[in-house]
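Subject: Structure handover

Hello,

Here is the structure I promised to pass on. Please open it first, then read my notes below.

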Amino acid sequence: MSSTQESGQTMPDPPSPTPPSTSAPGDIPVAAAEPTTPTLPSIPTVITIVAWVVTGGLALLALGRLVHLDDAIDWPYTVVNALTPLLYLPAYAAVAVAFARRRNLLLIVSVALIAVHAFWTVPELLPGHAENAASGSARIRVMSANLRYDNAHADRLGAQIQSANPDVLVLLELTPLTLAKVAST
């Protein structure tokens, strides 16, 4: 561009002031990088991270239990041992996440946790047998019945109690009326 003076001649515009350059002479000027906004991780990535955190925590608890740390430390292993049937259930969800996201190491750790969970839980679900009792242990017969407060057939229970001959009898929701019916037979 040019500017016109009174004499009719055109003169070039003065150069615009440029900020001081920190680059070496001869470098090509580069525009400053635009600030970037941090992006949040995707939902599948967050789910994978949560699966790893849960699996890692459960693996540490299981490892402590496998090396009998629960014999030396009461807390938190008293709670862990009591809640074992429920506590390790998130490992099953971690297997699904690992399989869906193709995370082999997470899959291996989760399957190992499931195996340990089954090892600890299945014996509690299966009934014991009298022949597996320790020698010299006492045998006890326990009978339990829920009579419901308005049981019309409580009189049948008396004969069952006499034929079973239990050492311990537990009657739930027992009222004086149902007790009279049970005792009448």
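**Where helix 1 meets helix 5**

From helix 1, the residues Pro44, Thr45, Ile47, Thr48, Ala51, Val54, Thr55 and Leu58 are in contact with Pro90, Ala91, Ala94, Val97 and Arg101 of helix 5. Contact means heavy atoms within 4.5 Å. Helices (H or I, at least four residues) and strands (E, at least two) are DSSP runs, numbered from the N terminus.

Before going on, note that this is a predicted model: local features need pLDDT of at least 70, side-chain atom pairs count only at pLDDT 80 or more, and totals for chains, interfaces and linings use all residues. Residues are numbered from 1 along each chain as its sequence is written, and side-chain values use heavy atoms, with hydrogens and water left out.

Two packed helices are described by the angle between their axes and the distance between the axes. The axes of helix 1 and helix 5 come within 9 Å. They cross at roughly 140 degrees. Axes here are lines fitted to C-alpha atoms, for helices over the stretch in contact, and angles run from 0 to 180 degrees between N-to-C directions. Helix 1 and helix 5 are therefore oblique to each other. (Angles under 35 degrees count as roughly parallel, over 145 as roughly antiparallel, 65 to 115 as roughly perpendicular and the rest as oblique.) The crossing of these two helices is left-handed, meaning that the near helix is turned anticlockwise from the far one by less than a right angle; clockwise would be right-handed.

Serine 110 belongs to helix 6. Serine 110 is buried, because its relative accessible area is 0%. Buried means under 20% relative accessible area, exposed over 50%, partly exposed in between (1.4 Å probe, protein chains only).

**Around tryptophan 120**

How many aromatic pairs does the structure hold? It holds one. The ring centres of tyrosine 88 and tryptophan 120 are 5.8 Å apart and their planes are at 55 degrees, so the pair is tilted. (Rings of Phe, Tyr and Trp, its six-membered ring, pair if their centres lie within 6.5 Å; planes under 30 degrees apart count as stacked, over 60 as edge-to-face and the rest as tilted.) The pair links distant parts of the chain, 32 residues apart. Tyrosine 88 is in the loop between helix 4 (84-87) and helix 5 (90-101), while tryptophan 120 is in helix 6 (residues 104-125).

Tyrosine 88 is buried, at 0% relative accessibility. Tryptophan 120 is buried too, at 12%. The charged end of arginine 65 sits over the tryptophan 120 ring, 4.0 Å from its centre. (That needs NZ of Lys or CZ of Arg within 6 Å of the ring centre and within 35 degrees of the ring normal.)

Threonine 84, in helix 4, is buried at 1% relative accessibility. Beyond four places in sequence, threonine 84 contacts Arg65, His117, Trp120 and Thr121.

**Glycine 64**

Glycine 64 lies in helix 1 (residues 43-66). Is glycine 64 buried or exposed? It is buried, because its relative accessible area is 6%. Not counting residues up to four places away in sequence, glycine 64 touches Leu69, Asp70 and Tyr77.

**The whole chain**

The chain has eight helices and four strands. Buried residues make up 19% of its 185 residues.

Best wishes
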